[in-house]
Amino acid sequence: MSEENKRFIEALKREELLIDKQLEELKLWERSFQTNICNSFLLVEQSDYSNSRDKSYNFISRLSALYDIIEKRSRREKLTDTTTALMTTAGDISYLKELNQLYAYGHFCMLMPQLHKDVFKVELKANNFYSLRYRSDALEQAEIKDKILSTLAQQITIPFSDLQDLRDYTDLKAARKIFDLTNYDEGMLKVLFNHHKQSFRRVLVLEDAHLKESLGFTNKDYQQFSAGLLAMSEFFLELSRSFKRAAESSNDLDEAEMLMREYLDWSVCTLDIKILDSLRVLTELDQVVFDRLLCYYILDYEKNTNTAVTESKTLPKDGYFPPLILAGDSVIFSPLALRYMYAFNNILFSVKEKQQRVFDQQISCHLEPTLIRQVEQLFSYFGNIQCASNVNYDGGEVDLLVLDTVSEVCLAFQIKATIAAASTRGVSRVQGRSEEGIRQIKRWQQLGLSKQKKIIENAFNTTLNLNKVGDVLLVRSSAGQESVWESGVTIVNYDFLRGLMGKKLTAGNPSLENFDVEVSAYMQELITISEVKTQIQLLSVGHLNIEFPDQEFNDNQLIYFNLKMGRSLEG
């Protein structure tokens, strides 16, 4: 690490002490918890509605670093409706400034790990004004590739195809000033639920038997629960924005104010606890199974004083913000948090953090075998390819050998199924496991082609004129930083591999002879599709002004292109 970087980090450490003191002195702590958390959610909504450069899911992720501060320092007051809570700060410029200062602190918390890992070179441009740039072009390219993989691994559902019908429905509801949920709304919610249940896309993380034994529900149960969250998210967002459009087009000030209240109440929700019953009915789950899932998505502001709701088994951390907050007889949530925080990895992340023994003894041992089976399934579409898993040799093990029997080329996979919160790359978690995989690959390479050939022939019970052995590190999501990407090892994740192999199947190109070259070419194609741009952002926190590079992607374009490539491997 350079001396400039060391001085900068020391300056940040000193500034952190000042920032902590400034946070304690913020006037917003005189406001209620509901006012502060609802205003935080309103920032998320405003970012999404305006299609801000600072995307709404970034705001949600930062809340994982801010929630405990907000919960502990805000005043405890009896809850009211969302609009009343928000109106206590309406027009208060100093409050908004402090709220943005709090979010800047959240951004600062996300940036600090990269600074400690020497990702950036630092230049002092002026007093308290630092400029950060990637330490090298190679590191910047590694960051881009790693974010490509983590983006492809995001869990998604296909957008609702009849969005205009939904919009027409919610517009009519706003025009008729129907403010409560009705039986007709339940019908529309069911339509959305069925859509999300049927269009669900994710990599299987645990088989049903292991999931049922360790956590008490199945993959289908999780799918139904998630479809319920997504249906509510989509309906409430469209309903809120219908009220906003109606308010903005009204010529009657009283009517416009009334409609704008509804916009606030549905874009930042403080609803009766009965909404959880409505969610359970929507998901078609029995109460026991529903509770076993709900506990990983709900925070308890009053620490389990309401015994009618299951005990929370989660926490906000590392970019994961549980989307529901139980507060007495009410539930506070952002519909956008429901959209972004439903991924299955967040359940396992919560289990690892809160139920370490369950994770270690009942879950961890099944993660890599399940991922290996998923990879074997991909290659089963090719008649020229055979697989052999968990192949032992003197001094090590290969997780998966993949043999092209026509070109007589074999790929040796090391597979790492590290779990991190789904909203973050979790570099600190995955880096060590990726480095372990690379060490295993290097140990395998040291055997030389002759010894490798004997092991491969024995694994497949055949005799080969082996032309080539390729080495692949396959990760669940992202792989880590520059040292991993510059190791010379071919790196993929399951979703990347699925897209590439689907493309090869469609093109009638089953050969694995040039697999490493094809991986490199497909990565470059995805980088082009993603329209990646490195933008310079400015962060002001405490007395410091920090400009730093931020990589922006067209996430949707990237994900749907890769899904399209892999479509030939469906079913």
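Is Lys 244 buried or exposed? Lys 244 is buried, with a relative accessible area of 12%, where buried denotes under 20% relative accessible area, exposed over 50% and partly exposed the range in between (1.4 Å probe, protein chains only). The structure is a predicted model, in which local features need pLDDT of at least 70 and side-chain atom pairs count only at pLDDT 80 or more, while totals for chains, interfaces and linings use all residues. Residues are numbered from 1 along each chain as its sequence is written, and side-chain values use heavy atoms, with hydrogens and water left out.

Lys 244 forms a salt bridge with Glu 248 at 3.2 Å, N to O; the term denotes a side-chain nitrogen of Lys or Arg within 4 Å of a carboxyl oxygen of Asp or Glu. Both residues belong to helix H10 (residues 219-249) and are 4 residues apart, about one turn of the helix. Helices (H or I, at least four residues) and strands (E, at least two) are DSSP runs, numbered from the N terminus. Glu 248, at 51% relative accessibility, counts as exposed.

A search of the whole structure finds 26 salt bridges. One of them joins the side chains of Arg 133 and Glu 547 (3.1 Å, N to O). This pair links distant parts of the chain, with Arg 133 in strand S2 (residues 129-134) and Glu 547 in strand S15 (residues 544-552), 414 residues apart. Arg 133 is partly exposed at a relative accessible area of 29%, whereas Glu 547 is buried at 12%.

The side chains of Glu 284 and Lys 197 also meet in a salt bridge, at 3.9 Å, N to O. Glu 284 lies in the loop between helix H12 (274-283) and helix H13 (287-294), and Lys 197 in helix H8 (residues 183-198), so the pair ties together parts that are 87 residues apart in sequence. Glu 284 is partly exposed, with a relative accessible area of 45%, and Lys 197 is partly exposed at 22%.

Helix packing was examined for helix H9 (residues 208-215) and helix H16 (residues 356-379), whose axes come within 10 Å and cross at roughly 165 degrees. Axes are lines fitted to C-alpha atoms, for helices over the stretch in contact, and angles run from 0 to 180 degrees between N-to-C directions. H9 is therefore roughly antiparallel to H16, a term applied to angles over 145 degrees. The contact (heavy atoms within 4.5 Å) involves residues including His 210 and Leu 215 of H9 and Val 358 and Arg 373 of H16.

Conventions. Parallel < 35°, antiparallel > 145°, perpendicular 65-115°, else oblique.
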